[in-house]
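This briefing goes through one structure topic by topic. Keep the sequence and the 3D view open while reading.

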Amino acid sequence: MTESIFTEKTTCYHCGDECLSTSYIVENKSFCCLGCKSVYSILSANNLCSYYNFNDHPGLTRARTDKRFDYLDEPSVAKEFVDYTDDNLTIVTLYIPHIHCSSCIWLLEKLNKFNPGILYSRIDFLKKQLNIKYDTKQLSLKQLVELLFDIGYEPLISLQDVIKKQNRVNTQDNLVQRIAVAGFCFGNVMLLSFPEYLGLSAFEQTFKHFFGWLNIMFALPVVFYSGREYFVSAWQNLRNRVLNIDFPLALGIVVLFARTVIEILTQTGAGFADTLCGLVFFLLVGKFVQRKTYHHISFERDYRSFFPVAVQVITNNIERPVPLADLKVGQRIVLRHNEIIPADAILLKGEALIDFSFVTGESIPISKTLGEIIYAGGRQTSEAIELEVVKPVSQSYLTQLWNNEAFTRQQDNRMQTFNERVSKYFTVILLAIAFASLIFWLPTSLNRGLAAFTAVLIVACPCALALSTPFTMSAALSIFDKNFFYLKNTAVVEQMAKIDTVVFDKTGTITTATENGIMLVGALTGRQKQMIYSVCSNSNHPLSRMICRYFGKIKKLPIALYKEMPGKGITAFVDNVEVRAGSGHFMFGQHDAADATKVHFTINGEYLGHFLFKQNYRGGLQQTVDSLSTYQTFLISGDSDHEKRELLPVFKTGDRMGFNQSPQKKLDFIQLLQRLKGKVMMIGDGLNDAGALRQSDLGIAVTDNINNFSPGCDAILDGRSFNKLPAFLKFSKNTVTIIHCSFLISLAYNLIGLSYAVSGNLSPLTAAILMPLSTATIISFTTIATHFAAKRRKLL
Amino acid sequence: MSIIYFLIGCSVLLALLFLLAFFWAQRTGQNDDLYTPSVRILLDDETGPQDKK
């Protein structure tokens, strides 16, 4: 079977992409590229073809590239990434972004079929991590990574190691265990307190004492193990002269415990052990709910997490991998296909076709000529090039952004949450009432005074208040999550409600990176269309692929003498007629204007027209910005202002749009808005927005694939949900209202409890009923109200 | 009625046993990944070399 024509669309057996050529066919299965075909042959050679039975097209499309993992042979580099190593065994955890279906689990856990040196491999699907143990004698880290790369699962190896950080957080924190202890004690104490509430006959009084002692035993671990953090936090805050919600909580726990112990020891009452255990248990559950983590998303990335770990340096004509930190000005480096430029450098040799989509969001690669400076962060998309480094990695045009003070200062106190503001007054009032009732009863009886004092502190313990925020926020977070909007933590919702200024980046944020608008300028006959389609379908260049997609399903003609100048253009003969397509420079030696990307084409020497590639704005941009009319909206872009006219109807006035802005200027602009008392939300996508995202009160990164790189931010928005932004903002305001309402509800409960408490007649039974009742009310109210609000905003 | 002392002792011991079992599961990382095993159990072992689609 040679070059033949597909009469209908054929999809690749491995990855499911459309096959544009028929040259890759094995055993009646067609593949889109050599990479996919070779993955299939590796799998079939190892009898692992059931891979394809679990899902259709489970593979990742793979264009063939050079091997580029040589640096893993350097022991100094490799030791950064392995968890454990000795002469016989190495344990390593790799992050593999491509893990996405059950076939992946099946294949990657069968790695020892490829190489018996691999002893153990386990996937954590949600974290997309692969844990491997292998025999150091039989296999090196480089060989392992190359094997994974060959079967289409390239691990992401970066300096900013996501994996280790994640694991550390999990082991340090034993919240789950503390909840388990509190829950265990809570259950047992309730059981033991029940007879007391139901009434014990005189004959059973000995049990009362026994149950009391058991209750104290159960309360001990709850107070000193599960509840410890409240004392620590309250103490630290007191030392810093801050009154936060942990103070009344810690006070409540202490008073509950002290009164329980005293009442049981003096045999004057049953104590409040069940209220105490319940309180700590519910509080910890609230903490647990609040801590929602997205394992597969990182909000803390900077340039290090996507720059290479090491780079090939040429010294005396010998290539050698050098860790990025040791890269010096003046060194000559080699970059191959798909590698990222680590530092500002001058192009010395080769055809540079740089894709700056990580930096600017612009998806069409840019050609560079010899001697030109290429800024760090671009990705080489054609052949190998040689460059000379002109600036150290940390001082590059892009990376020097991270030296700004915005990145060094602490971000915790950006905005005070409602809870923090309220709990200050709450604590003061609570203490005032408690002391007032103590003083009121003191002349009558000391005991009654103390009883009233402690009862106030018990009843008014702001359990419901402490729970209202976490439960509302976690419900809100899961609603955002359903709409492909991922928030770093629950505090972000409240920050969002306070926003009054919205700043957009242009490329990649309000334009889509994937579907660029393509326009045909010139008239073509059906035959001519076929010819151009046939020629372009042989090229892997993004523009050629877009042209093919533009023509859609048409018949392909056989071609001959195909020649491609990477990044410039292609020539080929169809029926002995020459077809040429490419850039202005390639076609007639004259550069196109910088503001537009064009592909010209000639057939038989006759100029027939060109394709114009324009950026497509995201669907509903106009409506989205219009419905943000209560907000100040700005546009800030690194591009030149040739699209200013098209954007004018969206942003109304020219002053609201800034063009030709450097990453530093974007940051400064946000700072200026903040100085004018604006609460600024920045919406950006590339590394060049990283400074602005960080400086803003709320930084949102827009991305079309959440597994892709996105700069450090507070929230990640999937491009598909861009037009829901106004709804998100309104919903965040509703959420804050719900928190206010639930605060009022918990206050009402507190007042009921206080009316008992100030008289000094608080029975343990009242406390035991009131506390869980208020908690249950708050939890159900916040959950129902949040869902109702989401329905109203059409987010559910 | 003194049997209650014994019964309560038993019930608390049993509950403690479960708590310790939970601790052990937590320490050994059995709750770290709650999703993958649910998929893994559905994957069959090799049915034979001719097993192709």
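## An enclosed helix

Of the 20 residues of α10(A), 14 are buried, so this helix is largely enclosed by the rest of the structure. The model is a predicted one. The points below begin with that helix, then turn to chain A as a whole, a pair of helices, some single residues and the contact between the chains.

**Helix α10 of chain A**

- Helix α10 of chain A covers residues 246-265.
- From its first C-alpha to its last, α10 of chain A reaches 28 Å, close to the 28 Å expected at 1.5 Å a residue.

**Chain A as a whole**

- Chain A has 796 residues, and 44% of them are buried.
- The chain contains 24 helices and 28 strands.
- Among the contacts in chain A with a separation of 6 or more, 67% are between residues 24 or more positions apart.

- Helix α14 (residues 463-482) and helix α24 (residues 764-792), both of chain A, pack with their axes 9 Å apart and at an angle of about 25°.
- Angles under 35 degrees count as roughly parallel, and α14(A) and α24(A) are therefore roughly parallel to each other.
- The crossing in which α14(A) passes α24(A) is right-handed.
- On the α14(A) side, the residues that make the contact include A:C463, A:L467, A:F471 and A:I479.
- On the α24(A) side, they include A:M771, A:I778, A:T782 and A:H787.
- By class, the residues of the contact of α14(A) with α24(A) are eleven nonpolar, eight polar and no charged.
- As background, an α-helix has 3.6 residues a turn, so residues three or four places apart point the same way.

- Most residues other than glycine have a negative phi.
- A:N316 is not a glycine, yet its phi is positive, near 50°.
- This residue, A:N316, lies in the loop between β7 (310-315) and β8 (318-323) of chain A.
- A residue counts as exposed if 12 or fewer other C-beta atoms lie within 10 Å of its own; A:N316 has 5 other C-beta atoms within 10 Å, so A:N316 is exposed.
- A:D575, also not a glycine, has a positive phi of about 50°.
- The loop that holds A:D575 runs between β20 (569-574) and β21 (577-582) of chain A.
- A:D575 has 11 other C-beta atoms within 10 Å and is therefore exposed.

**A residue in helix α23**

- A:N734 is placed in helix α23 (residues 725-757) of chain A.
- With 19 other C-beta atoms within 10 Å, A:N734 is partly exposed, because a residue is buried only if there are 20 or more.
- A:N734 and A:P321 are 413 residues apart along the chain, and their C-alpha atoms are separated by 54 Å.

**Where chain B touches chain A**

- The contact between the two chains takes 21 residues from chain B and 21 residues from chain A.
- On the side of chain B that touches chain A, α1 (3-27) and α2 (36-40) of chain B each supply at least two residues.
- The largest share of that side, eight residues, comes from α1(B).
- By class, the side of chain B that touches chain A has twelve nonpolar, two polar and seven charged residues.

How values were computed
Residues numbered from 1 in each chain as written. Chains lettered and ligands numbered in written order. Predicted model: local features only at pLDDT ≥ 70, side-chain atom pairs only at ≥ 80, totals over all residues. Helix = DSSP H or I, 4+ residues; strand = E, 2+ residues; numbered from the N terminus. Expected span 1.5 Å × (residues − 1). Contact = placed C-beta atoms within 7 Å. Nonpolar A, V, L, I, M, F, W, Y, C, P; charged D, E, K, R; others polar. Axes fitted to C-alpha atoms, helices over the stretch in contact; angles between N-to-C directions. Parallel < 35°, antiparallel > 145°, perpendicular 65-115°, else oblique. Left-handed = near helix turned anticlockwise from the far one by under 90°.
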